[in-house]
Amino acid sequence: MVVVMDLRATEKQIKDVKKRLEEYGFKAHLIKGVERIVIGAIGDHKQISSSGIEIMPGVEKIVPIMKPFKLVSRETKAEDTIIKVKGFTVGGGEISVIAGPCAVESREQLLETARLVRAAGAKAIRGGTYKPRTSPYSFQGMEEQGLELLAEAGSESGLATITEVIDESSLTLAAEYVDMIQIGARNMQNFHLLRAVGRINKPVVLKRGLSATMEEWLMAAEYIMSEGNYNVILCERGIRTFETYTRNTLDLSAVPVIKQLSHLPVIVDPSHATGEWRLVAPLSKGAIAVGADGLLIEVHPDPCKALCDGPQSLTPGNFQQLMEELLPIAKCVGRKLAVGG
Ligand code: PEP
Ligand code: MN
């Protein structure tokens, strides 16, 4: 449930309500919206009637949240969440693009990609340093050496940086080097890891699991938020269906559905969704048209030589062309593509 505070409630009144909730065994989350201040209360509902919260000074009302996801729900926070990342925001009127190779492979590869995607208008450079591969014999990532390169690429280009973590030790290390953390599709229901990422204070891109329903995906976000990290960006990256022509099936309907259910921003990864570079541009355009807050796109300076996901990677030239083509589409739906700066 949420405790809706009077807009004129004082800091002390808010603090007292939080304290009372905690005394009654609730976990209290303060959520400050533009239109209202609410305290999300997670715990045993039956306790609330005896707690006297409803009549405490500054309290307007108590509203039960019917959905299984609480902090993530639009019922808790009506307006869109805007997440601040180094140099840009996700979830406002602007659409930002994160781009880069599937995996960090070398200094030259990463720095060159960073320079080129920045010139084309990307806001962040991605690069896997811990790769969860289907085969144990495939390239597994450069680990800490790769994180060092990401940090260098970030400071040289001015771009924000993002990498995937696969367990608590890679999370602890990655948090020292990068601006955003990615939880991959395969770990969407690694609840221990979700809780751990909930305890750090960096924006998290949470990919949809390979066969996850939207509710399971939102519950995964709830795990992160329940630990106090509210900077969650959801990423639709395709789901597994009977179709085999594409690597996955991009579920574009997830974007407007999630936006109805949740205040969190949603971005789309057309690279993993399709597995085919030729399909990346049309689906990027579709994603913007249905309201995505951003894109995550794989770009490699020489896709034929990529150690991972070459067939779905755009060349820097194709990426630049796509960015140009996205400008009018964003405008068409009343949004702006965040480029430059
Ligand atoms: C990736 O972004 O490189 C990746 C492995 O993605 P996903 O978890 O969506 O498969
Ligand atoms: Mn990849």
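Reader: What does the side chain of Lys 207 have 2.9 Å from it?
Author: An oxygen atom of ligand 1, which is 2.9 Å from an N or O atom in that side chain; a polar contact is a pair of N or O atoms within 3.5 Å. This is a predicted model, where local features need pLDDT of at least 70 and side-chain atom pairs count only at pLDDT 80 or more, while totals for chains, interfaces and linings use all residues. Residues are numbered from 1 along each chain as its sequence is written, chains are lettered from A and ligands numbered from 1 in the order written, and side-chain values use heavy atoms, leaving out hydrogens and water.

Reader: Which backbone atom is 2.7 Å from an oxygen atom of ligand 1?
Author: A polar one of Ala 185. Gln 182 also has a polar side-chain atom 2.9 Å from a ligand 1 oxygen.

Reader: New topic: what is the handedness of the crossing of helix 3 and helix 4?
Author: Right-handed, meaning the near helix is turned clockwise from the far one by less than a right angle.

Terms used:
Polar contact = N/O pair within 3.5 Å; in protein donor to acceptor, adjacent residues only side chain to side chain. Helix = DSSP H or I, 4+ residues; strand = E, 2+ residues; numbered from the N terminus.
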